[in-house]
Amino acid sequence: MKTSNQYRDMSILLASVLALAGCAEKKPVSPEGVAIEKTLKAAEQDARSGNENKAVTEIDTAEKALIEEDKKKPYAQQSKTWSGEDIKANADRDAIKELDRARRDAKGKMAGDAADEVKKALKDVEVKEGN
Amino acid sequence: MSRRKSIWPNLGYGGTALLFLLPMGWAQAETIDETTGLADYIMGSKEHQPLKDYGITWGGWVNAGVTANANNPADGFNGPVTFGDRDGELQMNQLYGYVQRAITVSGDAWDIGGRFDITYGTDSIFTQAYGVPAYELGTGQILNRGNYDLHLTSWNDRFYSLAMPQFYAEFNLPVGNGLAVKAGHFYTILGYEVVTAPDNFFYTHAYTMQYGEPFTHTGVLATYAFDENWTASAGTVTGSATGGWDGNFNTQLTNWGWLGGVTWTSDEKDYSVTLNSTAAERSAQSSQPWAAYSLVGKANFLDNTLHYVLQHDMGFADGVVTGNGIASGTPGGLQDAMWYGINQYLMYDVLDNLGVGVRAEWFRDANGFRVLGPQRCPGSFNYNAGGAGNTYACGPSYGAYVPNGGYSDGANYYALTAGVNYKPLKWIMVRPNFRYDWSSNNNAFMSSTPGKMLDNQFTFSADIVITF
């Protein structure tokens with residue numbers, strides 16, 4: 001049998017969710033994010049067409065831009081993360097991880113793998129910017 | 001004490017429902033590689049997050065695992081190893097769900113959000129707000145344990161229960177780079193491993209996570225990024241008779257303590273170091289100190305495919321009843337207790353969806369204060385209205401583990417774990433692991449003979465996590 005405290009907790013929860021829904025709004029993508037996404041799309045295309053050297057240059061450019069963006073707009077980074085939380089930090093970390101691997105594969109003339117990794121990084125950047 | 005032999009009843013209602021849900025998405029099997037979760041697979045990427053445009057999202061997973069223990073322990077417990085704590089029984093560890101609105105942290109505008117997490121399964125007892133023990137740990141005074149989530153389900157089921165490990169509001173204060181403030185009940189920032197199943201490499205957990213750190217806090221925590229490298233957190237926590245650990249909302253609210261720390265991260269995110277700590281008076285009834293810190297270093301090598309983690313925890317609790325205190329006859333069995341440990345992890349990404357890893361750890365419960373037999377036993381202890389104590393998960397046989405009136409001897413605990421982390425899809429993870437545990441100065445592991453204890457055990461565990 002539920003106690004009155006538990007009914008109270010559930011009521012508070014319901015009210016909280018409704019309040020959050022009421023104050024929410026869609027967030028715009030930053031100009032820096034748009035530029036990084038454009039560079040990554042070019043890198044993916046170049047990797048797919050076998051132009052690994054150009055892809056490496058674009059990957060480097062995108063990664064530097066990501067780091068520069070973090071300097072302009074720093075965000076909190078913690079040692080622990082939980083599913084669904086710290087979306088921006090996790091997406092940024094994952095993007096850089098994919099770009100590191102894409103650079104390795106592009107240099108190793110594995111253009112298809114590099115393109116796939118850049119595509120994943122692009123998705124991560126979209127998540128980061130959408131947050 | 002009876003042992004469950006049938007695995008299917010242990011799936012519970014959530015696991016059974018999942019068995020019916022899975023085939024619903026098979027019609028869309030051509031897109032399965034692109035899907036991000038079971039709900040995405042069944043309902044589509046937009047339909048399963050109907051409030052995403054408003055910043056409100058939900059998520060969840062089901063996590064089930066099984067462990068085989070070479071000792072074939074008579075009581076069915078894998079010694080002091082928690083979470084996957086049962087031998088030869090399929091456990092639905094977590095049927096987990098959350099709803100949240102993540103805030104935008106910036107110096108430009110106010111924002112408000114929050115998160116609520118709820119989980120049902122055999123892990124729940126380890127992450128409920130149990131920070132008020134059944135009795136004050138120094139004076140022995142019987143305490144009200146609180147009823148935030150400890151009593152959501154009855155005391156009668158030994159293994160399955162509900163927990164609400166997070167329930168907080170979050171605000172962005174537009175100062176500097178943006179100050180994020182959580183208020184409510186939230187996971188601890190100490191340590192490395194987490195409760196949420198998808199976010200760990202291994203199914204099994206380190207002693208430091210199980211015994212050296214809190215799981216949750218109730219209070220307020222502010223976090224600020226000074227620049228791209230430095231983040232600091234500071235706050236205050238309450239609702240606990242264990243120094244601000246695992247507090248609830250309705251008891252011990254006059255006892256407030258510190259929670260906070262600092263993280264450094266390199267520009268390329270390859271290296272990071274975090275130092276977090278808690279410190280408080282133990283309870284509203286005792287001003288004795290209770291404190292702990294956790295140091296975590298991470299490094300990525302070989303184009304971000306090799307990952308190394310080093311963790312060190314240390315904790316203190318003064319003037320508490322300990323196993324060593326009782327054994328040595330100190331007045332009231334009281335001692336100043338300490339616990340500390342070192343964990344190391346090395347994980348390598350063989351493929352994008354396949355990782356291998358090892359974990360080596362040492363944990364010292366110096367006074368016999370933290371590791372008290374299978375954690376489910378002391379965790380389920382409470383007094384009834386008539387003042388009679390009972391541990392609903394273990395019953396009278398609990399005394400077999402802990403010879404000193406419910407307390408273990410101080411001891412060292414060691415564990416070596418090796419395992420694989422395989423993701424056949426983005427939202428399905430399978431984690432088999434081998435683990436060898438041994439202890440010195442305390443036989444912590446039961447043999448196949450009831451009451452006969454051993455100083456080591458070898459286990460094989462495997463679990464699956466299906467993310468919604």
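Analyst: In chain A, the axes of helix α3 (residues 52–72) and helix α4 (residues 87–107) approach within 9 Å and cross at roughly 160°, the axes being lines fitted to C-alpha atoms over the stretch in contact, with angles from 0 to 180 degrees between N-to-C directions. That makes α3(A) roughly antiparallel to α4(A), because angles over 145 degrees take this label, while those under 35 count as roughly parallel, 65 to 115 as roughly perpendicular and the rest as oblique. This is a predicted model, in which local features need pLDDT of at least 70 and side-chain atom pairs count only at pLDDT 80 or more, whereas totals for chains, interfaces and linings use all residues. Residues are numbered from 1 along each chain as its sequence is written, with chains lettered from A and ligands numbered from 1 in the order in which they are written.

User: What is the handedness of the crossing of α3(A) and α4(A), and which residues make the contact?

Analyst: The crossing of α3(A) and α4(A) is left-handed, a term for a near helix turned anticlockwise from the far one by less than a right angle, clockwise being right-handed. On the α3(A) side the contact includes Ala55(A), Ile59(A) and Leu66(A), and on the α4(A) side it includes Ala95(A), Leu99(A) and Arg103(A), where contact means that C-beta atoms placed from the backbone lie within 7 Å. By class, the residues of this contact are 10 nonpolar, no polar and 6 charged; here Asp, Glu, Lys and Arg are charged, Ala, Val, Leu, Ile, Met, Phe, Trp, Tyr, Cys and Pro nonpolar, and the others, Gly among them, polar.

User: What makes α4(A) and α5(A) roughly antiparallel?

Analyst: The axes of α4(A) and helix α5 (residues 111–130) of chain A come within 8 Å and cross at roughly 165°, and the two helices are therefore roughly antiparallel to each other. Their crossing is left-handed, and the residues in the contact include Ala91(A), Ala95(A) and Ala102(A) of α4(A) together with Ala114(A), Ala121(A) and Val125(A) of α5(A). The contact of α4(A) with α5(A) divides into 12 nonpolar, no polar and 11 charged residues.

User: How do you know how α2(A) is oriented to α5(A)?

Analyst: For helix α2 (residues 31–48) of chain A and α5(A), the axes come within 8 Å and cross at roughly 165°. That value makes α2(A) roughly antiparallel to α5(A), and α2(A) passes α5(A) in a left-handed crossing. Among the residues that meet are Ile36(A), Leu40(A) and Ala47(A) in α2(A) and Val118(A), Leu122(A) and Val125(A) in α5(A). The residues of this contact divide into 11 nonpolar, 1 polar and 7 charged.

User: How many helices and strands does chain A have?

Analyst: Chain A has 5 helices and 0 strands, both being DSSP runs, of at least four residues (H or I) for a helix and at least two (E) for a strand. Of contacts in chain A between residues at least 6 apart in sequence, 68% join residues at least 24 apart.

User: Why is Trp61(B) called buried, and what does Trp61(B) touch?

Analyst: Trp61(B), which lies in strand β1 of chain B, has 24 other C-beta atoms within 10 Å and is therefore buried, since 20 or more within 10 Å is buried, 12 or fewer exposed, and anything in between partly exposed. Leaving aside residues up to four places away in sequence, Trp61(B) touches, among others, Tyr96(B), Pro198(B) and Phe468(B).

User: Is Ala327(B) buried, exposed or partly exposed?

Analyst: Ala327(B), in helix α5 (residues 323–328) of chain B, has 17 C-beta neighbours inside 10 Å and therefore counts as partly exposed. Its C-alpha atom is separated by 9.4 Å from that of Tyr407(B), 80 residues apart along the chain. In chain A, buried residues make up 44% of the 131 residues.

User: What makes β8(B) and β9(B) a pair of strands?

Analyst: Strands pair if DSSP finds at least two bridges between them, and 8 bridges join β8(B) to β9(B), which run antiparallel. Thr265(B) stands opposite Ser272(B) in β9(B), and in the hairpin of these strands, with 5 residues between them, Lys269(B) takes a positive phi near 65°. β9(B) and β10(B) also pair in the antiparallel sense, over 12 bridges, and form a hairpin with 2 residues between them.

User: How many residues of chain B are in contact with chain A?

Analyst: On the chain B side, 48 residues are in contact with 35 residues of chain A. Strands that each supply at least two residues to that side of chain B include β1 (56–69), β9 (271–283) and β10 (286–301). The residues on this side divide into 19 nonpolar, 19 polar and 10 charged.

Definitions and conventions: Contact = placed C-beta atoms within 7 Å.
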